[in-house]
Amino acid sequence: MPVITCHFSDGASFEVNAQTGRSFLEVALEQGVPIRNQCRSGTCLSCSCLGAVDAPPLSVQAGRATSLMPMERDEGKMLCCVSEAISDGALHFDYSSDEAGPSEVQAFVDSVEWIASDAIKLTVELAEGQWLDFRAGQYVEITVPGSNEFRSYSMCTAPTELPKLAFMIRMLGAGLMSDYLRESAKPDDVLNLRGPYGDFSWSGSRSRPQLFIAGGTGLSPICSILQEVRAASGSKPPLTLNLGCASPDALLDPAFLRNLESWMPTLTVNLCVESDAEEDHCIGNALEPIDFDSLAGDTEAYVCGPEGLINAAIERLLSAGLASDNIYYERFVASGAV
Amino acid sequence: MSDEQPVRRRAQSGTANTDAVQKEYQPYVDAEWGFVNHWYPALFSNELGEGEVEGIQIAGIQIVLRRANGKVFALKDQCIHRGVRLSAKPMCFNKETISCWYHGFTFNLESGNLDTIVGNPDDPLIGNAGLTTYPVEEAAGLIFVFVRADDFPDEDVPPLSEDLPLRFPENSERFPHPLWPASPSLLDENVMALGIHRTGEANWRIACENGFDNAHILVHKDNTIVQANNWVLPLGIRPASDDCITVFDDEDGPKGMMQWLFTDRWEPILENKTLDVKVEGLNSRLYRTSVILPGVLLVENWPEEGVAQYEWYVPITEDTYEYWEVLVKHCPTEEDREQFSYRFDTVYQPLALRGFNDCDLHAREAMQDFYADGTGWQKEQLVETDISAIMWRKLASRHNRGIAPPPPGAQGRDKASSIRLRNVSEGKSPGYFVEKIDDLNNFNRTSVRQRNK
């Protein structure tokens, strides 16, 4: 049986133990090779690749046809779907094996708005002709204008809101990005974004209780995930969001969170503050409202915020009997703090 | 990243995204194209005979319906191959499938699967692709379709009763109605439903809010049905108590609100001194309105004793809706049915569904331009009688099962498409039904011919 190596533009390569007499695409997909495809009938060109012209590793199956032009065939272009492997060799695909891999884009500032005493919401729009797909919960790196430094921020908006993106950003007393946002950021500024990064995302479960624990601007990716859950088709699981902040004026956009609660019948929002609690606040951090003794065993937990909160949350969730596989977290490190 | 100077995206057409604060009922404001994952009336049963095929559009989703062996099936009316509407030129080789008239892609009515391609029966796509199916229920002579997003799971499809108004007498204790007998429901036995549906040129929300707006009674004072019956209507009705509306949102029931009209919770206005206008000898028909998701109105005790009027404002595009007016009555005997039918033809349809409600169509159209670009939701100046609308908007924001996205490839998405302009120039308004091809041998487009001469 021929062995064929598939090379992708990101440098990744996959070896396929091919079978003569079968569509190469089918065999390669079975072995986990991320070859784009659509019609699987030799027409749409999605699965096209390049191979050696003198010793082609693939040959069009008997009785099938392709939409390749003669000059393309002469260059060694082949379609995996209606071809079978005939000899060992290499195929080259001109796209990344990781479709969701990071890219670099430019975006225009739409607004910079204070949403708490020490946090702002930065809203941007991707420039014409530029795009950046992401999963709810992921983050991007934003280069601080006028410097070569970048900072990482999680989107608080859902992918469906693209080309708009927004970020909840904690403002430091002094810091490169904080200074920029506070002092000079204005609509139509151009920002350079790179991403997306991160594995923090919704499991997609529509039956298990979902517990979201956010400390400060750790709310940002959780907001994005909640919007994704809201837009998902079908029944929704019970949802709990605990947001913990130092004081009531540091709570991030509580009016929006209360709206979200009224738009999502299965969502409960708990606002937690360390001091000066008002009527509808819990006193303490974002773990305070959780009754760990009666936490449903199949709960999935999402934790995002400062290191201390994450460590405490993981420890208590594990001892409450949650499987470690069901605890997702994203550590927020205050970069550039002075 | 490109080295060229980045360029801002051109402003999106359609809804203007004003800078104003997000509304507490923002999801409702976002639902320009309607709510999906709900049950909507699609056709009257008698509009789809055995073997017949019809094409419609709801919330931007094109749907083809076919009745085979008595049962109605609904599929996405957009062939997976090249997007052709199957309903434009129905082609069915058997009772189990419907085929696209262009290349013969043949879909299973029950599962939506691509069962075969007429001229290409060995294509590998067969069995690996298909069209979204829409669950169908028939009740009291109406065909209801569960209009859903492509990925809405079968097991989550709720029963039709969750998207129909409250039933009586089950709810008579909770919502007493001492002034009239229990209203008939579409799901009752021996019930007869007669009605009409037609296309209105306004956003579905404008239409829906008109349906239960208590303050618009003024617009109806000159209607024939009012004058012929010597009804004397109040100038307006204002909320007089904080419990004038009751929200109901039981877990497995319809989600909506009841307005306690003709109780002391609503005050009829009989005089306006500024204008020196006075109403004497109030003699209004007693009725009550309730509205439920996804936009269904129940008017109890209307237009006559024992009859209830149901209305739907089914979104077609973001500026057209199919207006359904259905009268429901218990008719246990054949004689009852004949009488109701006769009265429907001679009185209810001309005087109530047309005469009375035609002035509502005028009013909805009159509001449309103000809301069309989205700014009206910010600019409207609300008054106390609008609490009904605002409660509905919040309720709808909470309990809708999904907001319809601006649909790709649907009729009416591109307002200035050449086909649309040609149809309009030929006197055909944008509407609810597919435009069928009558004669494949004759592309009879007089205007095109003349221009090309």
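**Reading helix packing and aromatic pairs**

Modeller: Let's start with two helices: α4 (residues 219–231) of chain A packs against α5 (residues 254–263) of chain A at an angle of about 25°, with the axes 12 Å apart. Axes are lines fitted to C-alpha atoms over the stretch in contact, with angles from 0 to 180 degrees between N-to-C directions; helices are DSSP runs (H or I, at least four residues), and strands are E runs of at least two, numbered from the N terminus. This is a predicted model, where local features need pLDDT of at least 70 and side-chain atom pairs count only at pLDDT 80 or more. Residues are numbered from 1 along each chain, and side-chain values use heavy atoms.

Biologist: Which residues of α4(A) and α5(A) make the contact?

Modeller: Contact means heavy atoms within 4.5 Å. Among them are A:Leu219 and A:Cys223 of α4(A), and A:Phe256 and A:Trp263 of α5(A).

Biologist: How is a pair of aromatic rings described?

Modeller: By the distance of the centres and the angle of the planes. Rings of Phe, Tyr and Trp (its six-membered ring) pair if their centres lie within 6.5 Å; planes under 30 degrees apart are stacked, over 60 edge-to-face, the rest tilted. The whole structure has 32 aromatic pairs over all chains. In one of them, the centres of B:Tyr287 and B:Trp302 are 5.5 Å apart with planes at 70°, so the pair is edge-to-face.

Biologist: Are B:Tyr287 and B:Trp302 buried or exposed?

Modeller: Buried means under 20% relative accessible area, exposed over 50%, partly exposed in between (1.4 Å probe, protein chains only). B:Tyr287 is buried at 13%, and B:Trp302 is buried at 7%.

Key
Chains lettered and ligands numbered in written order.
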